[in-house]
Amino acid sequence: MTRGRKEPPLHRLLDKTAFDTDTGCWQWTASRTPGGYGSVRMPGIANNAHRALYSLMVGPLPPDLHLDHLCRNRLCVNPDHLEPVSQAENNRRAGAAHTHCKYGHEYTPDNTYRRKGRGRECTKCLRTRSRERYRATRATTEVRSP
């Protein structure tokens, strides 16, 4: 490339990806957002790398649609792994893919508590937190007793 010439945006973005042969994902290797998505800064191009590559390779994305990562990999920018869906559908799919709590307990009908406005919670973890709260409260009241 000669000095002063700019590389096309698509080539600039593809240079920042690595191909994963096991999954078929195009892994973004450059900067990331705090949410774990690829981030780009190019005039006139979306800030998220997956949206930018999708726009350049497939076409413009309607403003009311979001790209769902079918592979569940936030750093994947492969247009074949992205599907335009509504925000509600994207949230539903993400929730369905979440099968375990952060401590590794599986969400099953017996181990799931649904709380209004807060989604589901693991009953094993709820019991543990409740026990710890009870012990902490009991320890402070025993110390205060004369």
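User: Why does Arg 72 count as partly exposed?

Analyst: Its relative accessible area is 40%. Buried means under 20%, exposed means over 50%, and partly exposed is in between (1.4 Å probe, protein chains only). The 40% of Arg 72 falls in between, so Arg 72 is partly exposed. A note on the model: it is predicted, so local features need pLDDT of at least 70 and side-chain atom pairs count only at pLDDT 80 or more, while totals for chains, interfaces and linings use all residues. Residues are numbered from 1 along each chain as its sequence is written, and side-chain values use heavy atoms, with hydrogens and water left out.

User: Where does Arg 72 sit, and what is its phi?

Analyst: Arg 72 is in the loop between E3 and strand E4 (82–85). Helices (H or I, at least four residues) and strands (E, at least two) are DSSP runs, numbered from the N terminus. Its phi is positive, about 65°, although Arg 72 is not a glycine. Most residues other than glycine have a negative phi.

User: What makes Asp 68 and Arg 93 a salt bridge?

Analyst: The rule asks for a side-chain nitrogen of Lys or Arg within 4 Å of a carboxyl oxygen of Asp or Glu. For Asp 68 and Arg 93 the N to O distance is 2.7 Å. That is within the limit, so the pair is a salt bridge. Asp 68 lies in strand E3 (residues 66–69) and Arg 93 in helix H3 (residues 87–97), 25 residues apart, and the pair links distant parts of the chain. By this rule the count comes to six salt bridges.

User: Is Asp 68 buried or exposed, and how do you know?

Analyst: Its relative accessible area is 0%. Asp 68 is therefore buried.

User: What makes E5 and E6 a strand pair?

Analyst: Two strands pair if DSSP finds at least two bridges between them. Strand E5 (residues 112–115) and strand E6 (residues 119–122) have four, in the antiparallel sense. Four meets the threshold, so the strands pair. Thr 112 stands opposite Cys 122 in E6. Arg 114 has Arg 120 as its bridge partner in E6. The hairpin has three residues between the strands, and Gly 117 takes a positive phi near 75°.

User: Why are Leu 56, Met 57 and Val 58 called a nonpolar patch?

Analyst: Patches take residues with over 30% relative accessible area and no salt bridge; like charges are joined within 9 Å, nonpolar side chains (Val, Leu, Ile, Met, Phe, Trp, Tyr) within 5 Å. Leu 56 has 38%. Met 57 has 37%. Both values pass the 30% cut-off. Together the three residues have about 250 Å² of accessible area, from the Shrake-Rupley method with a 1.4 Å probe, where only the protein chains shown count as cover. Leu 56 is in helix H2. Met 57 lies in helix H2 (residues 49–57) as well.

User: Which residues form the positive patch?

Analyst: Lys 124, Arg 127, Arg 131 and Arg 135 form it. Lys and Arg count as positive, Asp and Glu as negative; His and the chain ends are not counted. Lys 124 is in helix H4 (residues 123–144). At a relative accessible area of 44%, Lys 124 is partly exposed.

User: Is Asp 64 buried or exposed, and how do you know?

Analyst: Its relative accessible area is 56%. That is over the cut-off, so Asp 64 is exposed. Asp 64 lies in the loop between H2 and E3. From Asp 64 to Cys 122 the C-alpha distance is 33 Å, at 58 residues apart in sequence.

Conventions
Charge placed at Lys NZ, Arg CZ, Asp CG, Glu CD.
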